[in-house]
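Let's take a friendly walk through this structure, with an eye on its pockets and on a few spots in the backbone.

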Amino acid sequence: MEILDGKKISNQIKEEITVEVTQMKERGEKVPHLAAVLVGNDGASLTYVGSKVRSCKKIGFESTLIHLPEETTEEELLQHVADLNANQDIDGYIVQLPLPKHINEEKVLMAVDPDKDVDGFHPTNFGKMALEMESFISATPFGIMELLRRYNVETEGKHTVVIGRSHIVGRPISILMSQKGKAANSTVTLTHSRTKDIASITRQADIVVSALGVPNFLKADMVKEGVVIIDVGITRVPDASRERGYYITGDVDFETVSKKASYITPVPGGVGPMTIAMLLKNTLLARERHQAKKA
């Protein structure tokens, strides 16, 4: 069994980007600039955005954090989005989800310029991704594909079972894994919370990507020997015996499933770090595309 070490690979990607940014600076060129919009004070969102800002500083990107109060109106937020679309210095930006309930998330995401949509959430990018055209791929699926590539995990002709059909992970990874190319070319089954007898399907899988958000859902008796496990789930489970009052776990019962797996991602330290690394990669790509248009 080999651990698919997302932390290690994400650090490699950040080092590669740092080299590129250093060369840009030496040539006197504009460095990538990532902006993040955060509305309110959701704890998980604050942590995630803070991590993105620190990562930008570490690799030499410019970064801007627009932190708005919880009571910000939809109209005010849409104006900030319009300003970011028009700002030539910003290469890419994200609107951190979830948004407060009085704001229509779909309306806001639709207002984002697809050429700056480094989260890959806009329908234009999703559609181009599905058609294998140049696009921004949502950072988590992009990170999973990169992890499989860098560990040379055999995917061609394999049966991949995806658990979860979200637009952010489940649906895009099911499309990407079925496409042509490295770390793809597999036969994909997409399952979800309404699928009957999921275990009978996961037992057939050579690769399982679980993005359900249910702690320890995938047990050892649900997989076959030699399976490749990608655990996208990350849940805080209350635990009074721990200093923080909780522990973090994934969708997979790591202790038992890891004994049958050939490759497995840990939680934390697997898919999570890859998500931030690929967001930075998308920002670099955005900067390159914007510069190419100007040339």
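## Two loop residues with positive phi

Glu132 sits in the loop between helix 5 and helix 6. As a reminder, this is a predicted model. The phi angle of Glu132 is near 60 degrees, a positive value in a residue other than glycine. Its relative accessibility is 49%, so Glu132 counts as partly exposed; the exposed class begins over 50%.

Asn152 also deserves a look. Its phi is near 50 degrees, again positive in a residue other than glycine. You will find Asn152 in the loop between helix 6 and strand 5 (159-163). Is Asn152 buried or exposed? Asn152 has a relative accessible area of 55%, so it is exposed, given that the cut-off is over 50%.

## The largest pocket

How much space lies in the largest pocket? The volume comes to about 1,600 Å³. Its lining takes in 50 residues, and those nearest the centre are Ala44, Tyr48, Ile234, Gly272 and Thr275. Several elements give two or more residues to this lining: helix 1 (6-26), helix 2 (43-59), strand 4 (92-95), helix 6 (139-150), strand 9 (235-238), strand 10 (246-249) and helix 10 (271-294).

Helix 2 gives the most to the lining of the largest pocket, with nine residues. Sorted by class, the lining of this pocket holds 23 nonpolar, 17 polar and ten charged residues.

## The second largest pocket

The second largest pocket has a volume of about 370 Å³. Among the residues that line it are Leu97, Glu105, Glu106, Phe121, His122 and His167. Helix 4 (105-111) and helix 5 (123-130) are the elements that give two or more residues to this lining.

Which element gives the most to the lining of the second largest pocket? That is helix 4, with four residues. By class, the lining of this pocket has seven nonpolar, three polar and two charged residues.

## Two cis peptide bonds

Leu97, one of the residues lining the second largest pocket, is joined to Pro98 by a cis peptide bond with omega near 0 degrees. Pro98 lies in the loop between strand 4 and helix 4.

Another cis peptide bond runs from Val267 to Pro268, with omega near -5 degrees. Look for Pro268 in the loop between strand 11 (263-264) and helix 10.

Notes: Residues are numbered from 1 along each chain as its sequence is written. This is a predicted model: local features need pLDDT of at least 70, side-chain atom pairs count only at pLDDT 80 or more; totals for chains, interfaces and linings use all residues. Side-chain values use heavy atoms; hydrogens and water are left out. On a 1 Å grid over the protein atoms alone, a cavity is a set of points where a 1.4 Å probe fits but cannot get out, and a pocket is an open set with protein on both sides within 12 Å along at least five of seven lines; lining residues have an atom within 4 Å of a point. Grid points are joined across faces, edges and corners, and a volume is the space filled by probe spheres set on the points. Ala, Val, Leu, Ile, Met, Phe, Trp, Tyr, Cys and Pro count as nonpolar, Asp, Glu, Lys and Arg as charged, and the others, Gly among them, as polar. Buried means under 20% relative accessible area, exposed over 50%, partly exposed in between (1.4 Å probe, protein chains only).
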